[in-house]
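Have a look at the sequence and the fold, then read on.

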Amino acid sequence: MHGDTRLEAVLRVLNHWPRFRLQLFLEGILVGLLSGTVISFFRWGLETGSVWRQWFYANVLSGGSLVVNGLWFALLLAAALILWLLGRYEPQAGGSGIPQIKGVILGAIRLRWFRVLWVKLVGGILGIGLGLSLGREGPSIQIGAVAAQGMSRLFGRTRMEERYLITAGASAGLAAAFNAPLAGVMFALEELHRNFSGVVLAPAMAAALMATMVSRYLFGREPVFHFGILPHFPLRYMWLAVILGIIVGIAGVIFNKGLLNIHYFYELPVFRNRYMPIAFAMSMAGVLGYVFPDVLGGGNELVNALYTLPLSLQLFALLLVGKFLFTLISYGCGVPGGFFLPMLVLGALTGGMVGIIFIQMGLISSYYLSNIVVLSMAAFFAASVQSPVTGTILIMEMTGSYEHLLALCTVSLVALVVAQLFRGEPIYEVLLQRSLAKHKPALSSSERRNLLELTVVSGSQADGKYIGRIAWPSHTAIVDVKRGSGDIIPDDETCLRAGDYLYVLTDSIEGAEAIRNIVERTGDENM
């Protein structure tokens, strides 16, 4: 009965679509204000923790007694215990959080929003603040999304509307974390919702803009990365961008393989329980704080310092290997924190090495090394996440340089093609599938019922076909079809066209995926 009431509410929304879109836009503004405020607190906590950590190593531990240094490691182990307890209390707050939000939008996962919110805040500030090589961006996306979910629950919104608001919250999360509103919108649409309809775009853009305003009011409008002089990249060097895309594309695949297989390391007999991997990672952070502090934390300070470092291939290689291994160790232990920013740092270091080789071979002037680093970050993101448009826009906003669009698009597309040729898979998609396979959610019949918004893709099985002649999965109902600004009441004789927005009711994750294969994937993609 409760499920029928929800369905009736959804049908009322579909019948009053223009008013619903305006309502979503206004709610997106509220989501942006709320998410931007919470994420700004998260960002402040991380930056304060990083400053405090650096001061403590430089002024207390470096000249401290054996007792003082021993107490520091005892503190790290105590922090590991707290992180382990937080992970037991709310497992869905662990890791990046982006796969969990993808699962929520797909209707495959249910999150306890308030528990995830405060555990992510506390766990992220504690772990990253004490030096784990994790980023604030993935957690910020999850924090923004669950804050939006909480607002939706407060207002009693339908599950369909809640998914739109969660997408808006995720958009606000990335925008506030990176001071990059366009990238926040594009990531939410290209990677999370995978739908560019106006009803998704309006609240996502409103939320991203408002969250960015809050962030800039509190932290200023400076971009995250500073490269000093960033000249125009000459067209005559575009062939080097292609070579760079190939090399960095392979590096992105290697990074994904490392992330997806680090669990084998933590399955060794020495790690007898779930506390020991976290204790190991925190202890490694303590050791590296003395001998190699550059690889601690997210790494944006390291990227900002790259153009001031000597052009030493050995130095860049050491930084790359150290950051790569410690990122795997940090992410693999399962505490709250993402690999979004460390991934960009690894791209920058890879590009720095390639750029030094180009310079030593006389192929390019050292004047353009910063350009090579910037291009490499976009390529690494495209190879790992396989969202090249988001990567291009993200790097432009994060560096404050909008003159590199052609080069960024070129290197991102080359890296994407290389990653796919090497059978690389989108990292967040694989992590979501692993999570669902390992912890298949037990949902009630009403929770399994989901209304999907899908776009009929040109060349898909649904394009040009009558609804009654398509082999839909069982327990599927076509609720509404929107074409342009008009509505079509669907029946068996309704012919679907590319660009139609289809609203489909289903009651299983498998059914939802089968419907997506029919409507949103071409024949080549299904092969």
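Is Ile243 buried, partly exposed or exposed? Ile243 is partly exposed, because its relative accessible area is 31%. On this scale, buried means under 20% relative accessible area, exposed means over 50%, and partly exposed is in between (1.4 Å probe, protein chains only).

## Before we dig in

This is a predicted model, so local features need pLDDT of at least 70 and side-chain atom pairs count only at pLDDT 80 or more, while totals for chains, interfaces and linings use all residues. Residues are numbered from 1 along each chain as its sequence is written, and side-chain values use heavy atoms, with hydrogens and water left out.

## A greasy patch

Ile243 sits in helix 10. (Helices here are DSSP runs of H or I with at least four residues, numbered from the N terminus.) Ile243 is also part of a nonpolar surface patch of about 870 Å², along with Trp239, Val242, Ile246, Ile247, Ile250, Ile254, Val417, Leu421 and Phe422. Helix 10 (238-266) and helix 17 (405-421) each bring at least two residues to the patch, and helix 10 gives the largest share, 7 residues.

What gets into a patch like this? Members have over 30% relative accessible area and no salt bridge; nonpolar side chains (Val, Leu, Ile, Met, Phe, Trp, Tyr) are joined within 5 Å. The areas come from the Shrake-Rupley method with a 1.4 Å probe, and for residues only the protein chains shown count as cover.

## Salt bridges

How many salt bridges are there? The count comes to 8, taking a salt bridge as a side-chain nitrogen of Lys or Arg within 4 Å of a carboxyl oxygen of Asp or Glu. One of them joins Arg157 to Glu27, with the closest N and O atoms 2.7 Å apart. That pair links distant parts of the chain: Arg157 is in the loop between helix 6 (137-155) and helix 7, Glu27 is in helix 2 (residues 17-61), and they are 130 residues apart. Arg157 is partly exposed at 30% relative accessible area, whereas Glu27 is buried at 4%. Glu27 and Arg157 also belong to a salt-bridge network with Glu161.

Another bridge pairs Glu90 with Arg115 (3.3 Å, N to O). Glu90 lies in the loop between helix 3 (66-89) and helix 4 (98-106) and Arg115 in helix 5 (residues 113-129), so this pair ties together parts 25 residues apart in sequence. Glu90 is buried at 1% relative accessibility, and Arg115 is partly exposed at 23%.

Then there's Glu47 with Arg43, at 3.2 Å from N to O. Both lie in helix 2, 4 residues apart, or about one turn of the helix. Glu47 is partly exposed at 33%, but Arg43 is buried at 10%.

## Helix 7, wrapped up

Why call helix 7 largely enclosed by the rest of the structure? Because 19 of its 20 residues are buried. Helix 7 (residues 159-178) reaches 29 Å from its first C-alpha to its last, close to the expected 28 Å, which is 1.5 Å times one less than its number of residues.

Asn304 is in helix 12 (residues 300-305) and counts as buried, at 19% relative accessible area. Leaving aside neighbours within four places in sequence, Asn304 is in contact (heavy atoms within 4.5 Å) with Val224, Phe225 and His226. The C-alpha atoms of Asn304 and Phe73 are separated by 29 Å, and the two residues are 231 apart along the chain.

Terms used. Patch = residues over 30% accessible without salt bridge, like charges linked within 9 Å, V, L, I, M, F, W, Y side chains within 5 Å.
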